[in-house]
Amino acid sequence: MSYRLILGAIVGVAVFSSLLASSNAHDYIVVDDTIPVSLTGVPGDPVKGKKLSVNRKKGNCLACHAMPIPEQQFHGEVGPDLSGVGSRMTQAELRLRLVNSKALNPDTIMPAFHKVALNRVLKKFKGKTILGAQEIEDIIAYISTLKS
Amino acid sequence: MNFINNITRVTSLLGIASLLLAYTTNVSHSGSNPNPQGVNKMKSGYHWATAPTREMQDDDFSNPAFLWVDIGSEQWTTKDGEAGKSCASCHSGVETMKGVAATYPKYSAEDGKLRAVQHQINNCRTQQMKAKPWKWESDNMLGVAALVKNQSKGMPIKVKVTGEAQPFYNKGKKSYMLRRGGLDMSCKNCHMDYTDTRIRANILSNGLGNGFPTYRLKWQKIGSLHRRFRGCNKNVRATPFKSGSDVYTNLELFLTAHAMGMEIETPSVRN
């Protein structure tokens, strides 16, 4: 624990873990490029996950990604097409991508869905992650069904 | 496992360092040309507007923004304030404003900071006319700002970013790159990194101000560039700044410098 804090202070990112502790964000452990363990221990619901991916106030994944959801118009082109992503990536890889994509690519436009943002956040959203821990698990459950 | 976690963090810090390097090489502007990539790479929002929207803009009679330009013309000759003057008392016909807006935002020695056209209008009102300043988003302010900018329609943008303007340009640039809000996104993320890309129903433009004030179909009225900034801030769940604030005026100079040489289109029509 102290090792982690000291190293964290040296590299100047300790602030992230301490802030996580005081919000609705669940703690997690990153191993290589993955978060191997479920955030909640409760299996995700793919039906809910699909709805959350479309919902503009929740995941709003369609804003940036094409997905095999033909009933929705105007899929985004900012990120890669998610059809077949369940064959390309494991649930553990998807989990880090959703929780904090900046751990993989600090320059990415993709929001960190389970991390509290700090700069000039509108009052209504202050101290909150974009998606709750179970919502992340639901979306993982859905997109890992998207096989090629 | 913690060890591995820390390795991940160190790796991402290396990433951040190289990112900062990338910013300075890609976006650093030198000398008097802040747009070394060339104007032709930057396009007006008109380029991405739908055909019916363009048609509406192209014809002054169907362009609804001219309702406000007319309000502006009326205000131009309306006396107000204790000095009993109108704009026309000092400037005569509005055609004397030809080319003026192409140089704004502009450093003011009197204020020690930048003035947008709207600040200059209010300065004339309070100092010369002894009249009350107008609210940024009022019909009168939008009208006179659109009227003044319309006198430079078709002329190339020519703002100064060196000398006394430079620190404000630099602040604007920094602000453009800064991530904000619950979605933690910067202007750059959308308007530089993903120009020409569909984000749900919208196609991202270069996010320039050459057509403002613009009639936005979504607003059902004309609105200022700073109103647009507020909207983009709120879309990423960030607390917006005030219209006319230093932050937005510096940002306006940065955007305008990006469109250096591009024709002014005011008043434009956008979705």
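Start in chain B by selecting strand β5 (residues 214-216) together with β7: the two pair in the parallel sense over 3 bridges. The model is a predicted one. Pick B:Tyr215 and look across to β7(B), where its bridge partner is B:Val269.

In chain B, 3 strands form an open sheet with mixed pairing, in the order β6-β5-β7. β6 (221-223) and β7 (268-270) of chain B are the edge strands; each has a single partner strand, so one side of each has no neighbour in the sheet. From one strand to the next, the twist averages 35°.

B:Pro267 lies in the loop between α10 (246-258) and β7 of chain B.

Most peptide bonds are trans. B:Pro105 sits in the loop between α4 (87-91) and β1 (106-108) of chain B. Is B:Pro105 buried or exposed? Its relative accessibility is 1%, so B:Pro105 counts as buried. Show its surroundings: beyond neighbours within four places in sequence, B:Pro105 is in contact with residues including B:Leu114, B:Val159, B:Thr249 and B:Leu253. Select B:Phe254 as well; it is 149 residues from B:Pro105 along the chain, yet their C-alpha atoms are separated by 9.4 Å.

Next, stay in chain B and select helix α7 (residues 166-177). This helix has 12 residues and reaches 17 Å from first C-alpha to last, close to the 16 Å expected. Among the buried residues of α7(B) are B:Phe168, B:Tyr169, B:Gly172 and B:Tyr176. Residues three or four places apart in an α-helix point the same way, because there are 3.6 residues a turn.

Move to chain A and select helices α3 (residues 46-54) and α6 (residues 133-143), whose axes come within 7 Å and cross at roughly 100°. That makes α3(A) roughly perpendicular to α6(A). On the α3(A) side, A:Lys48, A:Lys50 and A:Leu52 are among the residues that meet α6(A), where the partners include A:Glu135, A:Asp138 and A:Ile139. The residues of this contact divide into 5 nonpolar, 2 polar and 4 charged.

A:Asp32, in the loop between α2 (14-21) and α3 of chain A, has a positive phi of about 50° although it is not a glycine. With 52% relative accessibility, A:Asp32 counts as exposed. B:Arg200 is in the loop between β3 (198-199) and β4 (202-203) of chain B, and its phi is also positive, near 50°. B:Arg200 is buried, at 6% relative accessible area.

Technical notes
Residues numbered from 1 in each chain as written. Chains lettered and ligands numbered in written order. Predicted model: local features only at pLDDT ≥ 70, side-chain atom pairs only at ≥ 80, totals over all residues. Heavy atoms only, no water. Pairing = 2+ DSSP bridges. Helix = DSSP H or I, 4+ residues; strand = E, 2+ residues; numbered from the N terminus. Axes fitted to C-alpha atoms, helices over the stretch in contact; angles between N-to-C directions. Expected span 1.5 Å × (residues − 1). Buried < 20%, exposed > 50% of the residue type's maximum accessible area, 1.4 Å probe, protein only. Parallel < 35°, antiparallel > 145°, perpendicular 65-115°, else oblique. Contact = heavy atoms within 4.5 Å. Nonpolar A, V, L, I, M, F, W, Y, C, P; charged D, E, K, R; others polar.
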